[in-house]
Amino acid sequence: MAEPMKIRASLAGDGTEVRVLMSHEMETGQRKDAQGRLVPAWFIQSVTVTHAGRTVLAAQFGPAVAKNPFLAFRFKGGARGDKVAISWVDSRGDKRSDEATIA
Amino acid sequence: MVGAGSASTLLSLLAAAGWLAPGTATAAAWNQTAFDAKSPDETVKALGGIAAVRSKDITFVSAPDIAENGAIVPLTVASAIPRTEAIAILVEKNATTLAAVFEIPPGTEPSIGTRIKMAQTSNVHVLVKADGKFYTAVKEIKVTLGGCG
């Protein structure tokens, strides 16, 4: 099981700013290990961010997103105390979901 | 009798084949074709466009001119084009041209901050889909140390 995401959701103007750091190797499938063997590709493929039952961002990643993916964006609405939920699925089918409270 | 184990195996096989969207029902299936594309033009076609038009309304809000470490290249990109539906980041000289696609629902600002990998100095394209049409802006980012080896 992957480490929890670090999520910060804060009110900014008439919206909410979301910053998230996901914990993932994001192996490209091109790197070789010490023995010269290719390390198989393994990376987050899709990310969904929801607020109040509505998707506020949906992303698809390739292997060229940096290790421990970072994402920052803003959506209109949101109130202090609301939850922002984020989930990802990687190329092995592993999943992780976390949520944060808007501050 | 078919056990739960084999049922979930079948599901994961279907997911691996790209037939089923993994995760929540709202998540779109991972676009294998787009991520297999080997050039910006191919990527535009794989995402459902014909060609992308250069636009001054797409900005690199923050992006380095020179990235010392290609493994972590921070980018913030934004679109001022009305009805922006999606923003994609493409690296011309990476083995995988398409780095990421972000679907922007109404109410979400068409501005994304993220970090990508770059194998070498390359043009980075920001591709925007707005009202069904494709627009693009390009910036060269020099890489001192490649990040895909």
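User: Two strands pair if DSSP finds at least two bridges between them. With that settled, what order do the strands of the open sheet of 6 strands have?

Analyst: The order is S1(A)-S2(A)-S5(A)-S7(B)-S4(B)-S2(B), and the pairing is antiparallel. Strands (E, at least two residues) and helices (H or I, at least four) are DSSP runs, numbered from the N terminus. This is a predicted model, in which local features need pLDDT of at least 70 and side-chain atom pairs count only at pLDDT 80 or more, while totals for chains, interfaces and linings use all residues. Residues are numbered from 1 along each chain as its sequence is written, and chains are lettered from A and ligands numbered from 1 in the order in which they are written.

User: Which strands stand at the edges?

Analyst: Strand S1 (6–12) of chain A and strand S2 (58–62) of chain B. Each has a single partner strand, so one side of each is left without a neighbour in the sheet.

User: And how many degrees are neighbouring strands turned against each other on average?

Analyst: 20 degrees, direction ignored. The axes are lines fitted to C-alpha atoms (for helices, over the stretch in contact), with angles running from 0 to 180 degrees between N-to-C directions.

User: Where do the chains join in that sheet, and by how many bridges?

Analyst: S5(A) is joined to strand S7 (residues 111–116) of chain B by 2 bridges, antiparallel. Ala72(A) has Gly113(B) as its bridge partner in S7(B). Within chain A, 7 bridges join S1(A) to strand S2 (residues 15–21), also antiparallel.

User: How many residues does each chain give to the contact?

Analyst: Chain A gives 32 and chain B gives 36, where contact means C-beta atoms, placed from the backbone, within 7 Å. On the chain A side, strands S3 (44–51), S4 (54–61), S5 (70–76) and S6 (83–90) give two or more residues each. That side has 16 nonpolar, 11 polar and 5 charged residues. Nonpolar here is Ala, Val, Leu, Ile, Met, Phe, Trp, Tyr, Cys and Pro; charged is Asp, Glu, Lys and Arg; the others, Gly among them, are polar.

User: Switching topic: what does Phe102(B) touch?

Analyst: Leaving out residues up to four places away in sequence, Phe102(B) touches Leu57(A), Ala59(A), Ala86(B), Ile87(B) and Ile112(B).

User: What about chain A overall: how many helices and strands?

Analyst: There are 0 helices and 7 strands. The C-alpha atoms of chain A fill a box of roughly 55 × 20 × 20 Å along the principal axes.

Key:
Two residues are in contact if their C-beta atoms, placed from the backbone, lie within 7 Å.
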